[in-house]
Amino acid sequence: MTQERSETIGERIRERGVINRTWSSSILGGLVGGIVFGLLLQSMGALPTVAALYGLDGTTMGWVAHLFNSVVFGLVFGAVMTMTRLRAYADRPGPTAGIGVAYGIVLWVVAASFVMPFWLGAVGMTLAVPTFDVVSLVGHVVYGVLLGAVFAIAYRR
């Protein structure tokens, strides 16, 4: 009985370590990718538009909203990487960066090209739907590559 209980506790500790590593790796990857992508958005003057998604104004609030989105999307990436068959690649920067590219493209198509224009329309701004902006695609691919590579490097430790 005691041995069974200690194995269960040990399993829980190991599981929590993996969960904590997944969370921290996802957040770090999301922030690194988000900062680099955010610099591109700032250079284009697009951060106030990101702020408008949340009813906020200005570049500073655009940074806050953008980094929030970057972390949330990073957490989704981490969950996909560790709760699916992709787990085999979770600690390998090259393949995970490639998966990150695919993830960035999916985010660009779904979130940036469809969801964002509809969402902005709901808060009074007009954008074409879909909005297939090539510069946005580049930013999302850069985000994905950095998210994947940083996630894998952090997850490995």
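**Exercise 1. Find the neighbours of Ser26 and state whether Ser26 is buried or exposed.**

Step 1. Set aside residues up to four places away in sequence; Ser26 then touches Gly74, Leu75, Gly78, Leu147 and Phe151, where contact means heavy atoms within 4.5 Å. Before going on, note that this is a predicted model, in which local features need pLDDT of at least 70, side-chain atom pairs count only at pLDDT 80 or more, and totals for chains, interfaces and linings use all residues. Residues are numbered from 1 along each chain as its sequence is written, and side-chain values use heavy atoms, with hydrogens and water left out.

Step 2. Helices (H or I, at least four residues) and strands (E, at least two) are DSSP runs, numbered from the N terminus.

Step 3. Ser26 is buried because its relative accessibility is 1%. The classes are buried under 20% relative accessible area, exposed over 50% and partly exposed in between, with a 1.4 Å probe and protein chains only.

**Exercise 2. Work out which residues Phe77 and Leu147 contact.**

Step 1. Start with Phe77, which belongs to helix α3 and is buried, with a relative accessible area of 2%. Beyond four places in sequence, Phe77 contacts Thr96, Ile99, Gly100, Tyr103, Leu147, Gly148 and Phe151.

Step 2. Turn to Leu147 in helix α5; Leu147 is buried, at 0% relative accessibility. With neighbours within four places left aside, Leu147 contacts Ser26, Gly29, Gly30, Gly74, Phe77 and Tyr103.

Step 3. Now compare sequence and space. Phe77 and Gly30 lie 47 residues apart in sequence, with 8.8 Å between their C-alpha atoms. For Leu147 and Thr96, the separation is 51 residues along the chain and 8.6 Å between C-alpha atoms.

**Exercise 3. Check the span of α3 and list the buried residues of α3.**

Step 1. The expected span of a helix is 1.5 Å times one less than its number of residues. With 26 residues, α3 should therefore span 38 Å, and its end C-alpha atoms, 37 Å apart, agree with that.

Step 2. The buried residues of α3 are Gly62, Trp63, Ala65, His66, Asn69, Ser70, Val71, Gly74, Phe77, Gly78, Met81 and Thr82.

**Exercise 4. Describe the largest pocket and the second largest pocket.**

Step 1. The largest pocket holds about 540 Å³ of space. Among its 26 lining residues, Val50, Ala111, Ala112, Met116 and His140 are closest to the centre. On a 1 Å grid over the protein atoms alone, a pocket is an open set of points where a 1.4 Å probe fits, with protein on both sides within 12 Å along at least five of seven lines; lining residues have an atom within 4 Å of a point.

Step 2. Helices α1 (2–43), α2 (47–52), α3 (58–83), α4 (93–122) and α5 (134–156) each give at least two residues to that lining. By type, the lining of the largest pocket has 18 nonpolar, seven polar and one charged. Here Ala, Val, Leu, Ile, Met, Phe, Trp, Tyr, Cys and Pro count as nonpolar, Asp, Glu, Lys and Arg as charged, and the others, Gly among them, as polar.

Step 3. The second largest pocket has about 180 Å³. Of its 11 lining residues, Thr22, Trp23, Ala79, Thr82 and Met83 are closest to the centre, and α1 and α3 are the elements that supply two or more.

**Exercise 5. Summarise the fold.**

Step 1. Count elements: there are five helices and zero strands, in the order α-α-α-α-α.

Step 2. Of the 157 residues, 35% are buried.

Terms used: Points joined across faces, edges and corners; volume = space filled by probe spheres on them.
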